[in-house]
Amino acid sequence: MGADNDGFAVVLTVNTLDWTITSGTKHEFDTVLGYYNSLTKIDQTHYLNAYAGVGNDGFAVVLTVNTLDWTITSGTKHEFDIAQGYYNSLAQIDSTHYLNTYMGTDSDGFAVVLTVNQFDWTITSGTKHEFDTVYGWYNSLVQIDLTHYLNAYMGTNNHGVAVVLTVDVPAADTTKPTYSNAQTNTTIAGKSCLFSIQYNDDTALNPNGQYIFSTNNTGTWVNDSAINFTATPSWANVTKTLNSSVGLSIGYRWYADDNAGNVNNTEIFTLTTTSADEDCWTETAGKLIIPPGCKYYTNVKEFIIGT
């Protein structure tokens with residue numbers, strides 16, 4: 001809490017030769033109110049902060065640190081308690097889930113799981129749990145194991161109280177994603193071609209699941225950069241200019257994993273480049289779709305389908 005009771009963050013740099021400290025540029029993450037902060041690390045550049053904001057309500061925000069110049073930016077604030085959110089204390093459950101204990105309505109003790117979307121760094125919150133119906137001040141939370149957390153706080157009659165909180169962590173997702181509808185929209189040599197495939201998952205593809213497109217279109221196998229899925233199910237689409245050689249067999253495949261890291265890569269699909277007058281047919285899921293009047297050439301014979 002800084003000037004005008006607003007919420008601020010700053011990077012402090014410690015000189016390990018003489019143990020002096022310097023500070024970077026302050027970042028104002030809340031222009032109204034920002035006290036009773038509790039900060040925990042997500043990864044090397046992202047940090048989750050829970051605090052009391054406007055109306056003394058409970059808020060959380062992801063702060064991003066630029067490690068080149070140590071400046072800070074903040075994401076979208078999430079209000080996890082619309083009544084009160086004092087004396088926050090955060091503990092990490094896993095890379096996307098964080099347990100927060102705090103003083104809520106009527107000064108009672110509450111706990112809530114905050115979920116961080118690592119695709120856009122937005123935050124959502126689960127169902128609040130009231131662990132003390134009288135008082136829940138000055139919380140201090142630590143992890144015991146994946147599902148158990150010890151919270152010390154000031155309770156009834158200002159006494160020191162401790163409680164073990166149990167989080168129901170869902171069983172690990174071990175089922176790999178599925179794929180279907182692998183297709184291209186042309187085979188004309190030298191033309192722009194859309195490669196597509198649909199992925200699905202029994203739990204979730206996004207936000208951490210990714211796909212990589214790979215092809216030997218240039219003569220050697222090249223992998224594209226990974227792209228995050230943004231929905232479940234989701235289409236993966238990549239556009240490439242096909243090799244200019246007619247009659248060339250081009251291989252392509254997809255590498256993909258779901259939100260839990262379960263991998264399911266495709267087999268190698270192939271297409272054969274054609275000249276413009278040959279390409280009135282399309283390939284979908286390994287089948288040729290040949291419309292009326294279309295000429296399809298194979299070996300040296302000509303077939304006219306649909307006439």
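Entry 1: I began with an open sheet of three strands, whose order is 15-16-17 and whose pairing is antiparallel. The model is a predicted one. At the edges I found strand 15 (137–143) and strand 17 (160–166), each of which pairs on one side only. From one strand to the next, the twist averages 20°. I then looked up how strand 16 (residues 148–154) is joined to strand 17: there are seven bridges, and the two run antiparallel. Which residue of strand 17 is the bridge partner of Tyr149? I noted Leu165.

**Entry 2: nonpolar cores.** I turned to the largest nonpolar core, which has 18 residues. The members that touch the most others are Phe195, Ile197, Tyr199, Tyr211, Tyr252 and Trp254. Two or more residues of this core come from each of strand 19 (192–200), strand 20 (210–215), strand 23 (234–241), strand 24 (249–257) and strand 25 (269–272). I listed the contacts of Tyr252 beyond four places in sequence; among them are Thr184, Phe195, Phe213, Trp221, Glu267, Phe269 and Leu271.

**Entry 3: the whole chain.** I recorded 29 strands and zero helices in the protein chain. Its radius of gyration is 28 Å, whereas a compact globule of 307 residues would have a value near 19 Å. Along the principal axes, the C-alpha atoms fill a box of roughly 95 × 45 × 35 Å. Of the 307 residues, 38% are buried. I also noted an accessible surface of about 16,100 Å², with 52% belonging to carbon and sulfur atoms.

Note on methods:
Residues numbered from 1 in each chain as written. Predicted model: local features only at pLDDT ≥ 70, side-chain atom pairs only at ≥ 80, totals over all residues. Heavy atoms only, no water. Core = buried A, V, L, I, M, F, W, Y, C linked by side-chain atoms within 4.5 Å. Buried < 20%, exposed > 50% of the residue type's maximum accessible area, 1.4 Å probe, protein only. Helix = DSSP H or I, 4+ residues; strand = E, 2+ residues; numbered from the N terminus. Contact = heavy atoms within 4.5 Å. Pairing = 2+ DSSP bridges. Axes fitted to C-alpha atoms, helices over the stretch in contact; angles between N-to-C directions. Rg over C-alpha atoms; globule rule 2.2 N^0.38 Å. Areas by Shrake-Rupley, 256 points an atom, 1.4 Å probe, with all protein chains shown as cover.
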